[in-house]
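Reader: Can you walk me through this one? Keep it short, please.
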Amino acid sequence: MILLDKLTRGHSLKDEVLAGLTTALALVPEVVAFALLAHVSPLVGISSACIICLITSLFGGRPGMISGAAGSVAVVIVSLVERHGVEYLFAAVALMGLIQIAIGLLRFGKFIRLVPQSVVFGFVNGLALIIFMAQLEQFKVADATGATHWLSGSPLYLMLGLVALTMAIIFLLPKVTKAIPPSLIAILVVSALVIFGNLPTKSVGDIASIAGGLPQPHLPQVPFNWQTIRIIFPYSVIMALVGLTESLLTLTVVDEITETRGRGNKDCVAQGLANITSGFFGGMGGCAMIGQTMVNLESRGRQRISGVVTAVALLLFVVVGSSLIERLPLAALVGVMFMVVIATFEWASLRIIGKMPLTDVVVMVLVTLITAISQNLALAVLIGVVISALAFAWENAVRIRARKYVDEQGIKHYEIFGPLFFGSVAAFNEKFDLASDPQEIIVDFRESRVADLSAIEALNKLTERYHKSGKKLHLRHLSPDCRRLLANAQALIDVNYWEDPTYKVSVDAME
């Protein structure tokens, strides 16, 4: 009971269990599809999801977040499996986990705070599109030759009707009662209608069989030498970065929804531990799954117990309930995921497009498109952050200005406003009139900040120019760290040490 109380932390145990069960049902077809995408057995995908979900739920930095064998990671490993086989995949997944643990221990997870909101919007919207497009595959059927075609006629109308019924139940049921997750009721009602009504529609079993046993420890059957490391290391790095990018951004989204704060570095370590375990149980890599996380949150799953229930339910589906789970209609699960798409997409981002700066709009749209088309989440977020950073640098570069005046002693003052860094150096140099300036000049940095090496070099060159002209330049109100950087120019630069402010750098505590 003490353990359950810690896992639920005051939340309803019934809500957490039902949320976990609902999430597990929605997770099955997704994981099976991702496993097939990665050219591995569906059972590999399900066992991986079970292991990853269990470990991250117990030890992760974000209660309520669901992790599993994700499509973003599956896309990366396709070429590795095709070229070298699944055994190299298992080794790569274990190495992926080691990299993620190192990132967490080095506390690099905190850098997710540097991701702008426009990038987060683009990321979420892109994932919503990925989830939507993934569901469209369920509207296809294979013919005798193995070629796939879109459903048509009665099968299509039946599928659409069941999907619409599922979505209607999820939308309307909360208006009547919130005692049971609407997604679970929708799945049960539509499944009962299909099974007992003997309706001819696609089921989970049409994708692949999920019957199997418990995951077994498996040491990757690869040579333990540098050649193996050379093969798997690039894939491991990419998987680690993609997995942590999706996990940490999903953590950020859940933080906003639940109005709580997760621990990014702790989640990096948990994700790494989960992937190492998955690799040594013959599994594929994984990370947080925003779609299933939204299902869990919509079903009122907020604590660790919901993720634990999801993992245990997946295991039971495989071991004892495969025959029943394989009869579940895909239409019900597609309907649930369509509602997830609606809930995940940031509709507010569309309403504020006309009110947002053009750069933010461009970044949001670009990240959305790159995420949806390439499914390379790390690349999409990196591009978004780089563009946002360059735009920020440009905006600050053009804002540097100088107030000029000559005092009663004939000394000319330049009071600098705005940061001096690589982007603003050119504009800074244009503020000075060497030819007409008097013999003594004071450059006041009370309202400015010398930020980088480019700024230091600009000050050195400016000082040298005035020195060669026989004029004396004083730099005032420089912070101690700036004075240290300018140590090489002390023979030429007169620094006012007494009036300088004290700057301190705040270091984050281990999360």
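**Salt bridges and a helix**

Author: The side chains of R62 and D255 meet in a salt bridge, 2.5 Å from N to O. A salt bridge here is a side-chain nitrogen of Lys or Arg within 4 Å of a carboxyl oxygen of Asp or Glu. This is a predicted model: local features need pLDDT of at least 70, side-chain atom pairs count only at pLDDT 80 or more, and totals for chains, interfaces and linings use all residues. Residues are numbered from 1 along each chain as its sequence is written, and side-chain values use heavy atoms, with hydrogens and water left out.

Reader: Where do R62 and D255 sit in the chain?

Author: R62 is in the loop between helix 3 (42-59) and strand 1 (67-68). D255 is in helix 9 (residues 226-258), 193 residues apart from R62. Helices (H or I, at least four residues) and strands (E, at least two) are DSSP runs, numbered from the N terminus.

Reader: Are R62 and D255 buried or exposed?

Author: Both are buried. Buried means under 20% relative accessible area, exposed over 50%, partly exposed in between (1.4 Å probe, protein chains only).

Reader: How many salt bridges does a search of the whole structure find?

Author: It finds 5. One of them joins R300 and D15, with the closest N and O atoms 3.5 Å apart. R300 is partly exposed at 23%, while D15 is buried at 16%.

Reader: New topic. How many residues of helix 5 are buried?

Author: 15 of its 20 residues, so helix 5 is mostly covered. Helix 5 covers residues 86-105. R107 follows helix 5, with a positive phi near 60°.

Terms used. The expected span of a helix is 1.5 Å times one less than its number of residues.
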